[in-house]
Amino acid sequence: MKSCSFVAQSLTDTDRLGSVIAELLPPGTTVALCGPLGSGKTRLVQAIAAACGVPRESVVSPTFVLCQEYQGRQTIYHLDAYRLQNSDEFLQLGPEEFFDSPALTLIEWAERVADCLPADRIEIQIAGPDDSRRTFELIAVGERYEAVLSAIEARLRDAATESGQRPSS
């Protein structure tokens, strides 16, 4: 499994991460977002969606509706497993339809339904906020996304170098 870390010092940094992810993820990618309440899962989804041409203000946590669909340059399915009691409830949503589509599927609280997720996916573990910093650990689960994660890591490193920041490792 390939992984890389990105430390966001600000919301602008989170937007930059979301923009790079949106640009480099191939159609049909599932992204599992994991982290405690308030860690920035929905904020990262907003950044990804905005980079795909979806108005940021239309992206809200789907906690009570379980799934939101956004149309932009790319279709995005935004799911939230927080209120689900078990994997069976998640499977009743028909996630295979999302996983098999060319859309990006972004799942908050994905750790609650890990046994239902595709074998190949991007997992993002989010830690923070700690003094307004958030650490994003991106993990390629399965071989399919290792090259994508390498490209994301290189793009973030290049952007950090251009802006005079020290790149995350």
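Let's start with Val20. Leaving out residues up to four places away in sequence, Val20 touches Ile152, Arg155 and Leu156. Touching here means heavy atoms within 4.5 Å.

A word on the source. This is a predicted model, where local features need pLDDT of at least 70 and side-chain atom pairs count only at pLDDT 80 or more, while totals for chains, interfaces and linings use all residues. Residues are numbered from 1 along each chain as its sequence is written, and side-chain values use heavy atoms, without hydrogens and water.

Is Val20 buried or exposed? Val20 counts as buried because its relative accessibility is 7%. The cut-offs: buried is under 20% relative accessible area, exposed is over 50%, partly exposed is in between, using a 1.4 Å probe and protein chains only.

Val20 sits in helix H1. Helices are DSSP runs of H or I, at least four residues, numbered from the N terminus. Other buried residues of H1 include Asp13, Arg16 and Leu17.

Now the neighbour, H2. H1 covers residues 11–24 and H2 covers residues 41–51. Their axes, lines fitted to C-alpha atoms over the stretch in contact, come within 7 Å and cross at roughly 55°. H1 and H2 are therefore oblique to each other. Oblique is what remains after under 35 degrees (roughly parallel), over 145 (roughly antiparallel) and 65 to 115 (roughly perpendicular).

Who makes the contact? Among them are Leu17 and Ile21 of H1, and Leu44 and Ile48 of H2.

Conventions: Axes are lines fitted to C-alpha atoms, for helices over the stretch in contact, and angles run from 0 to 180 degrees between N-to-C directions. Helices (H or I, at least four residues) and strands (E, at least two) are DSSP runs, numbered from the N terminus.
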